[in-house]
Amino acid sequence: MRMVERVKEAGQRPQRSFVPAIHNYLFSVKQLENRPMRSLVATCPWPLAILRKAGSDTEPYLISEHEMNEFRLLSDPHFKASQLIERDEAEAKPGKEVLVVHGPFKNIRGKLHRVKNDYFLIKSFGELAVQVRISRWYCKVLDTPEAETKSRENNYLKHI
């Protein structure tokens with residue numbers, strides 16, 4: 001859930017209320033196999049669809065308990081510096097892979113994106129991503145193969 005302020009009539013104070021963080025999504029604990037779950041969804045009186053893995057017609061997209069706990073933590077309605085964005089938008093933003101080493105988001109991996117002097121941690125979950133404002137000093141850059149290759153090239157150039 002997330003906190004939203006709405007003004008019902010002009011001149012009145014905004015009223016705060018909790019709304020679902022992700023509109024039109026329903027998360028459920030998987031207790032049935034794929035075929036019975038599809039049958040249950042087909043008998044529902046409201047239109048429902050099961051998100052599927054990319055390239056599969058039958059395999060549902062499963063979110064691990066660890067990922068769900070991270071998503072709940074990052075989209076906490078009492079934390080004002082978080083924002084939900086589309087996965088495509090999140091992947092288009094440049095940044096380095098980091099691990100948060102301090103603060104309430106300790107041990108969460110994501111991408112650190114810089115906008116002017118502000119830093120944002122971007123964590124993707126399925127088709128959505130959460131963007132959270134964070135201090136860069138709370139993050140440790142993870143070594144990637146590209147970074148290792150560049151550091152080897154730089155070391156080689158130093159010896160020439």
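The side chains of Lys-93 and Glu-89 come together in a salt bridge, with N and O 3.8 Å apart; the term denotes a side-chain nitrogen of Lys or Arg within 4 Å of a carboxyl oxygen of Asp or Glu. The structure is a predicted model, in which local features need pLDDT of at least 70 and side-chain atom pairs count only at pLDDT 80 or more, whereas totals for chains, interfaces and linings use all residues. Residues are numbered from 1 along each chain as its sequence is written, and side-chain values use heavy atoms, with hydrogens and water left out.

**Salt bridges**

Lys-93 is buried, at a relative accessible area of 18%, while Glu-89 is partly exposed at 40%. Here, buried means under 20% relative accessible area, exposed means over 50%, and partly exposed lies in between (1.4 Å probe, protein chains only). The whole structure contains four salt bridges, including those in the table.

| Salt bridge | Closest N and O atoms |
|---|---|
| Glu-91 and Arg-87 | 2.8 Å |
| Arg-133 and Asp-118 | 2.9 Å |

Glu-91 and Arg-87 both belong to helix α3 (residues 87–92), and because they are four residues apart, about one helical turn separates them. Helices (H or I, at least four residues) and strands (E, at least two) are DSSP runs, numbered from the N terminus. Glu-91 is partly exposed, with a relative accessible area of 48%, and Arg-87 is likewise partly exposed, with 26%.

A further salt bridge joins Arg-133 to Asp-118. This pair links distant parts of the chain, with Arg-133 in strand β7 (residues 128–133) and Asp-118 in strand β6 (residues 118–125), 15 residues apart. Arg-133 is partly exposed at 47% relative accessibility, and Asp-118 is partly exposed at 30%.

**The largest pocket**

The largest pocket has a volume of about 1,100 Å³. Of its 35 lining residues, Leu-26, Phe-27, Ser-28, Ile-50 and Tyr-61 are the closest to its centre. On a 1 Å grid over the protein atoms alone, a pocket is an open set of points with protein on both sides within 12 Å along at least five of seven lines, and lining residues have an atom within 4 Å of a point. Grid points are joined across faces, edges and corners, and the volume is the space filled by probe spheres set on the points.

By class, the lining comprises 22 nonpolar, six polar and seven charged residues. Ala, Val, Leu, Ile, Met, Phe, Trp, Tyr, Cys and Pro count as nonpolar, Asp, Glu, Lys and Arg as charged, and the others, Gly among them, as polar. Helices α1 (34–42) and α2 (65–74) each supply at least two lining residues, and α1 gives the most, with five.

In α1, the residues Asn-34, Met-37 and Val-41 are buried. They lie on the same side of α1 because they cover an arc of only 65° around the axis, the arc being that of the directions from the helix axis to the C-beta atoms. The face turned away from this buried side carries the exposed residues Arg-35 and Ala-42.

In α2, the buried residues are Met-68, Glu-70, Phe-71 and Leu-74. Viewed down the axis of α2, they fall within an arc of 160° and so line one face of the helix. Glu-65, His-66 and Arg-72 are exposed on the other side of α2. The elements that cover the buried residues of α2 include β3 (82–86), β6 and β7, where contact means heavy atoms within 4.5 Å.

Terms used
On a 1 Å grid over the protein atoms alone, a cavity is a set of points where a 1.4 Å probe fits but cannot get out, and a pocket is an open set with protein on both sides within 12 Å along at least five of seven lines; lining residues have an atom within 4 Å of a point.
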